[in-house]
Amino acid sequence: MRKKAPRTAVALGTGLLAVALVLTGCTGGGGGTADNTKPVSQSDIDKAMKTPTTLTFWTWVPDIKNEVALFEKKYPAIKVKVENVGQGAPHYQKLRTALKAGKGAPDVAQIEFQYISSFTVTDSLLNLTPYGANDLGDQYVPWVWNQVKQNNGVYAVPQDSGPMGNLYRKDILDKAGVTTPPTTWDQYATDAATVKEKTGVYMSNLASSQAGQMLGLLWQAGVKPFGYDGKKGVTVDVNSAEAKKVASYWQDLIQKGYVSTDPDFTDSWYQGLANGKYAGWLTAAWAPVFLQGTAAKTSGLWRAAELPQTPGTKPASGNWGGSSDAVLKTTKNPIAAYELAKFINNDPESTLMFANKQFLFPTLNSTLKDPAFVDQKAEFYGGQEVNKLFANISTTVDTKFDWLPYMDYAYSSYTETMGKALAAKGDLSAGLDAWQKALVSYGTQQGFSVNK
Amino acid sequence: MTQSVAPGRVRTREHAEKQRPRRNANQRRLNIAAYLFVAPFMIVFIVMLLLPLFYSGYLSLFTTQLIGGQTFAGFANYVRAFTDPDFLAGVGRMALFLVIQVPIMLALSLFFALALDSGRVRGSVALRLLIFLPFAVPGVVATLMWGYLYGNDFGPIAQLFRAVGLGAPDLLSDQNMLGSMMNIVTWAFVGYNMIIMYAALRSIPTELFEAAEIDGASQWRVAWSIKIPGIRPAIILTVIFSIIGTFQLFNEPSLLHALAPNVIDNGYTPNYYAYNLAFTNQDVNYAAAIAFLLGLVIAVVSYVVQLSTQRKAARND
């Protein structure tokens, strides 16, 4: 009896602990997964699309509510909750955290091409073939479709892409006496020297913080730096002879002072674009519109062209950026979730809206041929039909380009190895070696069998 | 059943009331009330601090591979940390930060506190507020602002240098980054430490000053022999706070990374390293071990500093 007070404390304590455990969600993982290998029939689909359902959709595409509204109009029973949890890295971090916690993950999530395999490795994405995704293949640009395909499975529906071209300042090149944009890499180097000599302006900027741009250029050069077999085997070959050839080309231009290596998407880089610090930017199809917002006062001075080429080979380009919408395995409504991902990226009205309103560069063949898209004349580029140019470039992108299942690490270690070498205007070949070493050691440590 | 139970309960209560003195019942009520008052804190403390702490301690004993899943690893993560050049470089960088920045900041704080306390400064209330103001600016905002000021192409500092015909220093370069961060932290925390010292100064008995005045002591003498020894515990407190704050530096590297991605690598500060390990490298277990080790480093450094100051105090007595 006398020990009453301490007993209260104990009771209180256990109570608190119970509350705490509930609050921290220490109930073990789980959640039903929708792994279905049997094909889904049309009647299943019809039934699912008429059942009142609420889907959660994580994406950072601005104003995507408009495309989602089209979907909701077609399927009034389905409500979609669009959530923007951050762009790029923060988005993936939250997605991984939710997946790890076993709950809180959305039904559909935007995933950039290069990150798809980092989610299939954890078995987090739903294979969409039983839901009919295979039938979509022919409607998309072949290289894009390869990005969402893996071992006969389809893991996402392509949304937008970034085939690479050359945006340049016509006025600066004219001033240097360069009247046509360089068509070969050798010509590019010669012109860079002329531009620097005559105007003092950098031919372009190879961003020291941007693995995406470098990988796009390697992609164009036919380099295959990564491979993943979908299971345990990865291939890391970022310091191959072909890759080093590209690196030494740039090292030469950088060390001669023709090309700068400022980190991109920083304030000073924005200023550089707007102030004519760079005479051009080797960039992706999403950039023309981006540039209009960043360097508004240079309107009319820019033009777009294809990437310089290697003589004697067929026209080629690489890709930088682009994303897809994937269905997560944790979803309780796989059919509706797939239909959402499909509709917004496949319906003509929706994809045209993406292309013309949100300026996502299309992945669907029909949109890439739609006069409402390709025939637009861009004031910013002196009335050039920029969309048509990039639509043509898209067909020249090498169809096979794989990624590692750990691109988060690959990108951050790029900045620490190649990026440092670029910033120091140093030995890029050694930078690639250091990157290779980091990627191999990380892969081994994560339990992959790494093929060098 | 109910019938048989109810009388029993009543009987017990009667029994208890007869047995116990009235005061005891009051005491019990007071105890319960006390527990209830403490409960909100305890709940938050346990849920938000103790449980995550134990959980991350538990996590740090495992390794998780993308292929192969989770396995028990004992202290392998800790062993790895001791040979991890990134982690050691981060700790070393923070140690350098500590021995340079903290003395400067605290000396400034002490100077301002003494100056304000001397009563010889005009507009001391406004000045006190002004010095304290940077602390009221959120750390993230402060870093963004300084990042803009430091900018090489467009920052006012660089423009000023160019205006007077000097080469603008690149304040975000490899060599200058740590100094630039020291400046941000000093700017933000001088006022905070000053307030702690100033409050302590106010509590020194005025009789001591009167006595010193009668003895003909100068203001400097008073400050050196009465005021500074008088607020010694407060100064030590600010030292300990600063040590903890230094090793936990996170906002500054994380935000300046966007401006100078090639300068600030993943392991620039240990705390930033733990964050990157967990969210970029997806190595939560190793990140937990790093976080624990960092806590250990902080505890050891703080303890050593406290011990050495205590010894010094004992020797002086």
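1. B:Gln282 sits in the loop that connects α13 and α14 (284-316) of chain B; helices here are DSSP runs of H or I with at least four residues, strands are runs of E with at least two, and both are numbered from the N terminus. Its phi is near 55°, a positive value in a residue other than glycine. Is B:Gln282 buried or exposed? B:Gln282 counts as buried, because it has 22 C-beta neighbours inside 10 Å. The rule is that a residue is buried if 20 or more other C-beta atoms lie within 10 Å of its own, exposed if 12 or fewer, and partly exposed in between, with C-beta atoms placed from the backbone.

2. A word on the model and its labels. This is a predicted model, in which local features need pLDDT of at least 70 and side-chain atom pairs count only at pLDDT 80 or more, while totals for chains, interfaces and linings use all residues. Residues are numbered from 1 along each chain as its sequence is written, and chains are lettered from A and ligands numbered from 1 in the order in which they are written.

3. Chain A also has a non-glycine residue with positive phi: A:Asp63, at about 60°. A:Asp63 belongs to the loop between β1 (53-58) and α3 (65-74) of chain A. A:Asp63 counts as exposed, because it has 12 C-beta neighbours inside 10 Å.

4. The mean pLDDT of chain A is 90, and 92% of its residues reach 70 or more; pLDDT is the predictor's confidence in each residue, from 0 to 100. Two residues are in contact if their C-beta atoms, placed from the backbone, lie within 7 Å. Where pLDDT is low, the predicted coordinates should not be read in detail.

5. Chain A is assigned domain 1 (42-161 + 322-374) and domain 2 (162-320 + 376-451), with bounds from an automatic or database domain assignment. The C-alpha centres of these two domains of chain A lie 28 Å apart. Across the boundary, 21 residues of domain 1 of chain A are in contact with 25 residues of domain 2 of chain A. On the domain 1 side, α5 (116-120), α6 (142-148), β6 (157-169) and α16 (371-374) of chain A each supply at least two residues. That side divides into 11 nonpolar, 9 polar and 1 charged. In this count Ala, Val, Leu, Ile, Met, Phe, Trp, Tyr, Cys and Pro are nonpolar, Asp, Glu, Lys and Arg are charged, and the others, Gly among them, are polar.

6. Strand β13 (residues 319-327) of chain A is largely enclosed by the rest of the structure, because 9 of its 9 residues are buried. β3(A) and β13(A) run antiparallel and are joined by 5 bridges; strands pair if DSSP finds at least two bridges between them. β6(A) and β13(A) also pair in the antiparallel sense, over 5 bridges. Which residue of β13(A) stands opposite A:Ile111? A:Ser324 stands opposite A:Ile111, and A:Ser324 is also the bridge partner of A:Pro158.

7. The largest nonpolar core has 136 residues, of which A:Ala326, A:Val327 and A:Leu340 touch the most other members. A nonpolar core is a set of buried Ala, Val, Leu, Ile, Met, Phe, Trp, Tyr and Cys residues joined through C-beta atoms within 7 Å. Helix α13 (residues 334-346) of chain A gives the largest share of this core, 8 residues. Both domain 1 and domain 2 of chain A contribute at least three residues each. Beyond its neighbours within four places in sequence, A:Leu340 is in contact with A:Leu55, A:Phe57, A:Phe71, A:Val80 and A:Val108. A second, separate core of 58 residues includes B:Ala81, B:Met177, B:Tyr273 and B:Ala278.

8. Chain B is divided into domain 1 (2-59) and domain 2 (76-316). Their centres, taken over C-alpha atoms, are separated by 44 Å. The contact between the chains takes 30 residues from chain B and 36 residues from chain A. On the chain B side, α2 (22-59) and α13 (270-279) each supply at least two residues, and α2(B) provides the largest share, 10 residues. The chain B side divides into 16 nonpolar, 11 polar and 3 charged.
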